[in-house]
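Me: I have a structure open on my screen and would like to learn how to read it feature by feature. Could you take me through it?

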Amino acid sequence: MRIIIKQIEMIERIDQLIRIQATGTPEALAYSLGISRTKLYRIINIMRDLNAPILYDMSLQSFIYEASVGFRFGFYIKDDLNSESPSYA
């Protein structure tokens, strides 16, 4: 179970850095996260599998989102069974 939580935390951290376009090169990002470049690309691919439109911008030297996206993981209480918008407890 702890492995899953660590993966989610890593995805959240990478997501934050992508949002502010401050990942740096893949090598720099992997180093700052304390993981290998191979593991970084595995996580990026998992994010892409979850529909994250991630690109690498050579001019910015950062991963970026091609479109505006949100990421949320966790459970929430729905206000209305027919409502799609979550309400957090």
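Predicted model: local features only at pLDDT ≥ 70, side-chain atom pairs only at ≥ 80, totals over all residues.

Me: Which kind of aromatic pair do Tyr41 and Phe63 form?

Reply: Look at the angle between the ring planes: over 60 degrees counts as edge-to-face. For Tyr41 and Phe63 the planes are at 75° and the ring centres 6.3 Å apart, so this pair is edge-to-face. The pair joins distant parts of the chain, with Tyr41 in helix α3 and Phe63 in strand β2, 22 residues apart. Phe63 itself is buried, because its relative accessible area is 1%.

Me: What about Tyr56 and Phe63?

Reply: Tyr56 and Phe63 are also an edge-to-face pair, with 5.1 Å from centre to centre and 70° between the planes. Tyr56 is partly exposed, at a relative accessible area of 27%. The count of aromatic pairs comes to two, and Tyr41, Tyr56 and Phe63 make up one aromatic cluster.

Me: How should I think about a nonpolar core, and how many residues does the largest one have here?

Reply: In soluble globular proteins, nonpolar side chains tend to be buried together. Here the largest nonpolar core has 17 residues, and Ile14, Leu40, Met47 and Ile54 have the most contacts inside it. At least two core residues come from each of α1 (2-19), α2 (26-33), α3 (37-49) and β2 (62-65). The biggest contribution, five residues, is from α1. For a closer look, take Leu40: beyond four places in sequence, Leu40 touches residues including Ile14, Leu29, Leu33 and Phe63.

Me: How can I check the length of α1, and which of its residues are buried?

Reply: Compare the expected span with the distance between the ends. At 1.5 Å a residue, the 18 residues of α1 should span 26 Å, and the end C-alpha atoms are 26 Å apart, so the two agree. The buried residues of α1 are Ile8, Met10, Ile11, Ile14, Asp15, Leu17 and Ile18. They pack against α2, α3, β1 (54-57) and β2. After α1 comes Gln21, with a positive phi near 50°.

Me: Which backbone oxygen does the side chain of Ser62 reach?

Reply: The side chain of Ser62 reaches the backbone oxygen of Gln21, at 3.4 Å. Ser62 lies in strand β2 and counts as buried because its relative accessibility is 0%. Beyond four places in sequence, Ser62 contacts several residues, among them Gln21, Thr23, Leu55 and Tyr56.

Note on methods. Residues numbered from 1 in each chain as written. Heavy atoms only, no water. Core = buried A, V, L, I, M, F, W, Y, C linked by side-chain atoms within 4.5 Å. Buried < 20%, exposed > 50% of the residue type's maximum accessible area, 1.4 Å probe, protein only. Helix = DSSP H or I, 4+ residues; strand = E, 2+ residues; numbered from the N terminus. Contact = heavy atoms within 4.5 Å. Polar contact = N/O pair within 3.5 Å; in protein donor to acceptor, adjacent residues only side chain to side chain. Expected span 1.5 Å × (residues − 1). Phe/Tyr/Trp six-rings, centres within 6.5 Å; stacked < 30°, edge-to-face > 60°.
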